[in-house]
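Here are some notes to go with the structure you asked about. Keep the picture open while you read them.

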Amino acid sequence: MFSFSERLKKLPPYLFVELDRLKAEAKARGVDVIDLGVGDPDLPTPAHIVKAAEEAVKKPENHHYPSSVGMLAFREAAARWFEKRFGVKLNPETEVVTLIGSKEGIAHFPLAFVNPGDVVLVPTPAYPVYHIGTLFAGGETFYLPLRPENDFLPDLESIPKDVLSRAKIIWLNYPNNPTAAVATKDFFARVVSFAREHKLIVAHDAAYTELYFDDYRPPSILEVEGAREVAIEFHSLSKTYCMTGWRIGFAVGNETLIAGLAKVKNNVDSGAFQAVQEAGIAALSGDQSCVEEFRKIFRERRDVVVEGLKALGFEFDPPRATFYVWARVPEGYSSAAFAAKLLQEAGIVVTPGHGFGEPGEGFFRVALTVDKNQLKEALARIAALKF
Ligand SMILES: *Cc1c(COP(=O)(O)O)cnc(C)c1O
């Protein structure tokens, strides 16, 4: 009797149906499946953050509707954290908005600035939400392929003039999911000057800036001169503090861009539960040694996987940030065929690269979201396979 709207019918097909079926089948057969597919850290949220939430839940003033832009105290904590980390001062009243997880902000943002027929420039392979948010706003996605020969950065020069003249937003995401690529401040500066020239909004998804290794420090696009005039940046507490389930993040940047997003939110949701924002304040303002500990754990896991996969002859760049390894499948395999083989013959789930977009074909993504021993076991199982 009812049929889905055209916008739902236009959603990209879910490419992992077959893989999910194989995974369920393997589990039913009693195979001890090692799941390297999920981008959700396996570690619990640090105790001091949980405790802050426990106390905040009991306070009656937190039992009411929150403000849709977020508590000023949360926005102030975010601004202080941002200045300490990136050296950029923000006005917490006008340049910060609290989000119910950064996905919420990323999905809603185009509703504020995209009209039907406008073009949104979206990298591929990528997190699917940039395209889906565009679709829901009635915009048209123009894909910017991320290729290894360009260090997985979009080639701005390749965008056709007629596309550029209709384009409203360019999405970026560094450190990148799924490719684990990073961007320099110079690259951000090039994008900012390109955006100013072509009157584009730069929307930067910065979910992984705190998951860095060794002496590398991912920059914020707001460190670049002039970025405040064109850019909005989406931050998340999900990966930094192992808080994916809490749904808390924030956006920072240009006042008008923040105001537009806040206006959408004001009419769609009523903001994040204040007890969760208080947990967020405890995370951003508290002792940061928990983040250091998470980085150490992920670095050890990265080292196990990098060494293991290199020894088996796989080709990839060792990640300097994120908890992903993005590697080429062995010759003669498609991404789908390789992922299916690992699952059927070794009980290992990896994500086939084409699932993030066509230029991801020929790659697979390993998420470092299981412990070191399981990673070692997975590598031993792969070593026993013939390709
Ligand atoms: C995990 C992730 C997010 C963050 O999601 P939240 O909604 O904040 O939990 C955003 N972008 C990318 C690319 C991610 O991988």
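1. Let's start with the link between two strands. Bear in mind that this is a predicted model. Strand β3 (residues 119–124) is joined to strand β4 (residues 140–145) by six bridges, and the two run parallel. To find the pairing on screen, look for Val120, which sits opposite Thr141 in β4. Getting from β3 to β4, the chain passes through helix α6 (residues 129–136), making a right-handed β-α-β crossover.

2. Two pairs are handy to click on here: Val119 is opposite Ala167 in β5, and Leu121 has Ile170 as its bridge partner.

3. Is β3 mostly covered or exposed? It's mostly covered, with six of its six residues buried. Val119, Leu121 and Pro123 point one way, while Val120, Val122 and Thr124 point the other way, and all of them are buried.

4. Now zoom out to the whole sheet. Seven strands make up an open sheet with mixed pairing, in the order β2-β8-β7-β6-β5-β3-β4. At the edges you'll find β2 (96–99) and β4, each pairing on one side only. On average, neighbouring strands are turned by 20° against each other, ignoring direction.

5. Last, have a look at helix α5 (residues 102–113), which packs on the sheet. Helix α5 touches β2, β5, β6 (201–205), β7 (231–236) and β8 (249–253). Its direction makes about 155° with that of β7.

Key: Residues numbered from 1 in each chain as written. Predicted model: local features only at pLDDT ≥ 70, side-chain atom pairs only at ≥ 80, totals over all residues. Heavy atoms only, no water. Buried < 20%, exposed > 50% of the residue type's maximum accessible area, 1.4 Å probe, protein only. Helix = DSSP H or I, 4+ residues; strand = E, 2+ residues; numbered from the N terminus. Pairing = 2+ DSSP bridges. Right-handed = clockwise from strand over helix to strand, strands pointing away. Axes fitted to C-alpha atoms, helices over the stretch in contact; angles between N-to-C directions. Contact = heavy atoms within 4.5 Å.
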